[in-house]
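Could you walk me through this structure while I have it open in my viewer? I would like to know what to select next and what is there.

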Amino acid sequence: MCGIIGYVGGSQALPILLEGLKRLEYRGYDSAGVAVVDDGDLRIKKREGKIAELEKTLIGEKCPGTTGIAHTRWATHGQPNTVNAHPHIDGTNTIAVIHNGIIENYRSIKTRLQNEGREFKTETDTEVIVYLVEYFYDGKNLEDAVQKAVSQLEGTYGLVFISKKEPGKLVGVRNGSPLVVGIGDGENFLASDVSAILKHTRQVIYLDDKEMVILTTDDCKTMTVENEVVTKEIEEVHWDLEAIEKGGYPHFMLKEIFEQPETIRNALRGRMVYDTGEAHLGGLADSEPDLRDLKRLVILACGTSWHAGLIGEYMIEEKARVPVEVEYASEFRYRNPIIDRGTVTFAISQSGETIDTLEAMREAKRKGSRVLGICNVVGSTIARESDGGVYIHAGPEIGVASTKAFTSQITVLTLIALLLGRRVMSKTQGRRIIESVQRIPAQVKEILDKNDQIYEIAKAYCNDSNFLYLGRGANFPVALEGALKLKEISYVHAEGYPAAEMKHGPIALIDKNMPVVVICPKDNAYNKILGNISEVKARKGRLIVIANEGDTEATAQADHVITIPKTLDMLYPILSVIPLQLLAYHIAVLRGCDIDQPRNLAKSVTVE
């Protein structure tokens with residue numbers, strides 16, 4: 001989750017490091033710090049809080065050093081304070097390290113080192129790493145000491161080291177937490193995320209697990225931690241810097257909500273064949289034999305991606321008549337999951353680095369399943385380790401609360417439902433789905449045009465402390481997602497339920513103080529959910545209803561209404577979630593919350 005950047009070259013490192021940190025702040029923001037090798041010394045500044053606090057301590061600092069590392073932290077071990085902030089240094093103030101991940105055996109290593117006389121200053125697991133490197137370091141070969149140290153570590157890590165005895169060198173090593181190398185002209189970079197280095201280079205190398213890189217101004221050497229040389233392909237990043245700027249919007253989240261007509265188009269582009277009523281997904285071409293013989297499909301995901309997977313379950317079972325199971329990736333490998341012949345597994349992750357999803361995917365592979373990925377980030381670990389898959393092409397998503405990635409994931413799952421479903425549905429049915437999907441971007445734009453209306457509704461509810469979200473069928477996962485968005489960014493307690501389950505407990509909560517958001521398009525569950533609306537109103541609940549334009553029956557009892565256009569039942573989730581994203585956004589703004597960096601959350605969950 002933490003943000004990592006390292007630089008070695010001919011320019012002053014400090015401005016480059018600070019600029020990179022600002023682009024990584026969405027990954028971690030409890031504290032931040034920098035370390036620069038400057039005139040034979042190791043200069044370190046750390047600060048609790050956001051990067052702006054670190055910058056204040058650096059005003060007027062003259063630091064011409066050209067090698068350095070920087071870090072923005074999301075706390076795991078130890079409180080988020082200045083002492084526990086990264087970088088961490090060894091006992092001789094020679095070596096500095098930054099770390100993303102968790103070292104599971106740090107206590108035993110720490111005890112051993114303490115018994116040998118080392119004195120620890122922090123509560124972190126990271127500090128044991130730099131003391132281990134110090135133990136093996138001869139002052140001449142940092143990479144050799146790093147190799148020996150990491151051989152004793154258990155857990156996940158993305159690590160970058162510098163030493164004042166070897167200015168002009170960065171050493172990075174990865175196991176479970178992403179690291180990307182940026183290849184420049186007379187300068188090189190290491191980062192946890194391409195966004196930190198995109199201003200300086202588009203040429204990148206993605207490290208795999210148990211791989212190590214040694215960077216100098218003009219050289220890049222890659223090897224395994226066992227010292228075997230690895231030849232890595234240099235790849236080019238194709239998206240622009242503007243994609244990670246706010247573009248005039250007050251928050252990344254709002255920008256990304258309004259990008260959805262285009263991101264949905266991008267997910268569809270070139271992937272539908274109207275003449276035959278089929279979907280064409282090139283990344284699944286090599287998996288066609290397994291998909292033809294498919295007996296069961298397992299979807300692995302976490303958080304918002306899990307909600308997308310639930311919607312995919314409804315669509316694929318309905319259209320392809322294949323049983324689908326959606327699993328919490330975080331729980332999947334902690335039991336003994338059954339993967340039998342004919343099972344294909346899809347792993348869904350925006351970042352492609354979600355550690356729970358990645359490990360669950362690996363477990364499915366070990367049990368013999370063909371594993372396919374649905375992710376956003378090209379070159380990510382899930383993309384590289386899967387047997388095939390589909391990119392959602394949503395572009396960089398910076399806001400911690402996922403919005404455009406969610407609707408793009410549903411769009412791709414729609415195409416997968418069409419791809420698999422054409423085995424049992426007619427060409428005419430396939431064409432009808434394609435026609436309806438093609439209208440979705442314009443329909444999303446219609447809903448976004450109601451932004452001012454939704455803001456006014458948010459003003460009526462921004463001081464409430466509890467919300468209930470209800471939906472049926474494929475809109476039940478939308479209720480879960482709407483509640484999650486509100487929780488994530490406004491810190492308001494909210495729960496999503498299948499509407500019929502309201503009677504099995506939650507109805508006890510409903511009174512005049514309880515806002516209830518009901519998703520009620522004219523789909524096959526329409527008449528049933530009308531009854532749920534009446535039940536809420538009879539108990540004086542305050543109703544916000546998401547309904548089709550012109551539907552007077554569903555809205556008659558509502559306190560507030562947000563309308564959406566008509567579409568196929570399977571596609572309503574893409575439309576019905578848009579008002580819920582905007583409602584959560586406006587409530588959070590009105591409550592004065594930090595929209596893009598909500599407390600305790602980070603964009604990519606790369607530690608268990």
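Start with Tyr491, which is partly exposed, with a relative accessible area of 27%. You will find Tyr491 in the loop between α16 (476-490) and β23 (493-498). Keep in mind as you look around that this is a predicted model. Now check the backbone: phi of Tyr491 is near 65 degrees, a positive value in a residue other than glycine. That deserves a glance, since most residues other than glycine have a negative phi, and most peptide bonds are trans.

Next, select Asn227, another non-glycine residue with a positive phi, here near 75 degrees. Asn227 sits in the loop between β13 (220-224) and β14 (235-236). Its relative accessible area of 47% makes Asn227 partly exposed.

For a peptide bond to inspect, pick His86 and Pro87: the bond from His86 to Pro87 is cis, with omega near 5 degrees. Pro87 belongs to the loop between β4 and β5 (88-89).

Now on to a helix. Select α2 (residues 51-58) and colour its buried residues, which are Ile51, Leu54, Thr57 and Leu58. Look down the axis of α2: these buried residues fall within an arc of 110 degrees, so they line one face of the helix. Then step just past the end of α2 to Gly60, where phi is positive, at about 85 degrees.

The last stop is strand β20 (residues 370-375). Is this strand largely enclosed or open? Five of the six residues of β20 are buried, so the strand is largely enclosed by the rest of the structure.

- β19 (residues 343-349) pairs with β20 in the parallel sense, over six bridges.

Finally, bring in helix α11 (residues 355-366) and trace the path: β19, α11 and β20 make a right-handed β-α-β unit.

Conventions: Residues numbered from 1 in each chain as written. Predicted model: local features only at pLDDT ≥ 70, side-chain atom pairs only at ≥ 80, totals over all residues. Heavy atoms only, no water. Buried < 20%, exposed > 50% of the residue type's maximum accessible area, 1.4 Å probe, protein only. Helix = DSSP H or I, 4+ residues; strand = E, 2+ residues; numbered from the N terminus. Pairing = 2+ DSSP bridges. Right-handed = clockwise from strand over helix to strand, strands pointing away. Arc of directions from axis to C-beta.
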